[in-house]
Amino acid sequence: MKRFFSIAAVAILAAMAFVPQVSIACTGITLHSADGACVLARTIEWGGSDLNSQYVIVPRGYVQQSYTPEGVNGMEFTALYGYVGFAVEQKEFVAEGLNEAGLSAGLFYFPAYGKYKEYDTLRRAVSIADLQLVPMILGCCKNVDEVIEKVAGVDVVATDPRASTVHWRFADTSGRQIVLEIIDGRARFYENKLGVLTNSPSFEWHLTNLNNYVNLYAGGAEAWNMGAARLAAFGAGSGMLGLPGDVTPPSRFVRAAFYQVSAPVPRQALDAVLQAFQIMNNFDIPVGVEFKDGKVPADIPSATQWTSVTDLTNNIIYYRTMYNSAIRSIDLKRIDFSRTKYKAVPMDEIRQQPIIAIKIK
């Protein structure tokens, strides 16, 4: 039964690579508060079906084994650190998470540009599925340096060669953040000092592309005379005229970068968390915009299935979903990872946005 559901889940994820009209979109930003806190936020999108997302609580000592193209016979890994993760399709596929040492890890889709090593059955003991790299890293590493060292000793492989590749974001309590991309079978790490990440093309390409928007700035454009015509802004924000508004990864990267850097510095961590959720509102993708002729394949309220915010400094991870916009939090400091049991719980027990009726007296 377990094997059956694994194949089904992988088939769904593989299908993502072959439905170009459906958005495989993720947008990530980073905020810092005046009291020194570092906060990461991200969305995850898929308009083709409900990803059946869950949060998982993983104790120290929990043992997992990786999937490979042959089955569940890849690398075995044991959690040295307890962690909380947000999984898609099945509990082993953690897309975003935070461990008790303050290490954050997340995957972002990276179609058409990444290429992993070919799977070698003789190296299955050091082979880790791309969709399980996040939980392996969260369980085994406490900082970015250890992530780099750990990745050097494994083969990241696809469980299905048809599926989209991914790239990853890792950050630790020092505020250091890196991006991992595997291109032509070789791991490439980039220092992400900007703190923004979306999808394809490569991270370096996105940084270069920002130069196309050198004219943008926060605030309003000054009025000026074009010959006999007096030109003046119609309203606030005219300094960002030309900011791309579509949902492609390059456009989202540009918008995320400018919204992030123009945001006021919040006083403390919780202010940064709430500000991050507000900024991420701009990256919600309505489910209908991806499909021609109104042919929407899934009965879901949004292509943005959930948004998470991670407070690295205080070791708290927050989320809200397409079914419930209320912000929920899991404080890792309140979990005894030496005693707790493994848990996998749906992000939404009730898949309906709650509405509070105001009683008029």
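Mentor: Start with the classes. Ala, Val, Leu, Ile, Met, Phe, Trp, Tyr, Cys and Pro count as nonpolar. Asp, Glu, Lys and Arg are charged, and the others, Gly among them, are polar. This is a predicted model, where local features need pLDDT of at least 70 and side-chain atom pairs need 80 or more, while totals for chains, interfaces and linings use all residues. Numbering runs from 1 along each chain as its sequence is written, and side-chain values use heavy atoms, with hydrogens and water left out.

Now the cavity. A cavity is a set of points, on a 1 Å grid over the protein atoms alone, where a 1.4 Å probe fits but cannot get out; lining residues have an atom within 4 Å of a point. Its volume is the space filled by probe spheres set on the points, which are joined across faces, edges and corners. Three cavities of 30 Å³ or more turn up here. Who lines the largest cavity? D50, N52, S53, Q305, W306, T321, M322, Y323, M347, D348 and R351 do. By class, that makes four nonpolar, four polar and three charged.

Look at N52 in that lining. N52 sits in the loop between β2 (38-45) and β3 (54-58); strands are DSSP runs of E, at least two residues, and helices are runs of H or I, at least four, numbered from the N terminus. N52 has a relative accessibility of 33%, so it counts as partly exposed (between 20% and 50%; under 20% is buried, over 50% exposed, with a 1.4 Å probe and protein chains only). Its phi is positive, about 50°, although N52 is not a glycine. Most residues other than glycine have a negative phi. E89 also goes against that pattern, with a positive phi of about 70°. E89 lies in the loop between β6 (83-87) and β7 (94-99), and E89 is buried at 13%.

W306 is another lining residue. Along with Y55, F86 and Y319, W306 forms one aromatic cluster. Rings of Phe, Tyr and Trp (its six-membered ring) pair if their centres lie within 6.5 Å; planes under 30 degrees apart are stacked, over 60 edge-to-face, the rest tilted. The whole structure has 10 such pairs. In one of them, F203 and F253 have centres 6.4 Å apart and planes at 65°, so the pair is edge-to-face. F203 is in helix α4 (203-209) and F253 in helix α5 (249-262), so the pair ties together parts 50 residues apart in sequence. F203 is buried at 1%, and F253 is buried at 1% too. In α5, 10 of 14 residues are buried.

Next, D311. D311 is found in strand β16 (304-311). At 2% relative accessibility, D311 is buried.

Most peptide bonds are trans. The bond from S200 to P201 is cis, with omega near 0°. P201 is in the loop between β13 (186-191) and α4.

Back to the lining. W306 links the largest cavity to an aromatic cluster.

Key. 1 Å grid on protein atoms, 1.4 Å probe; cavity = no way out; pocket = protein on both sides within 12 Å on 5 of 7 lines; lining within 4 Å.
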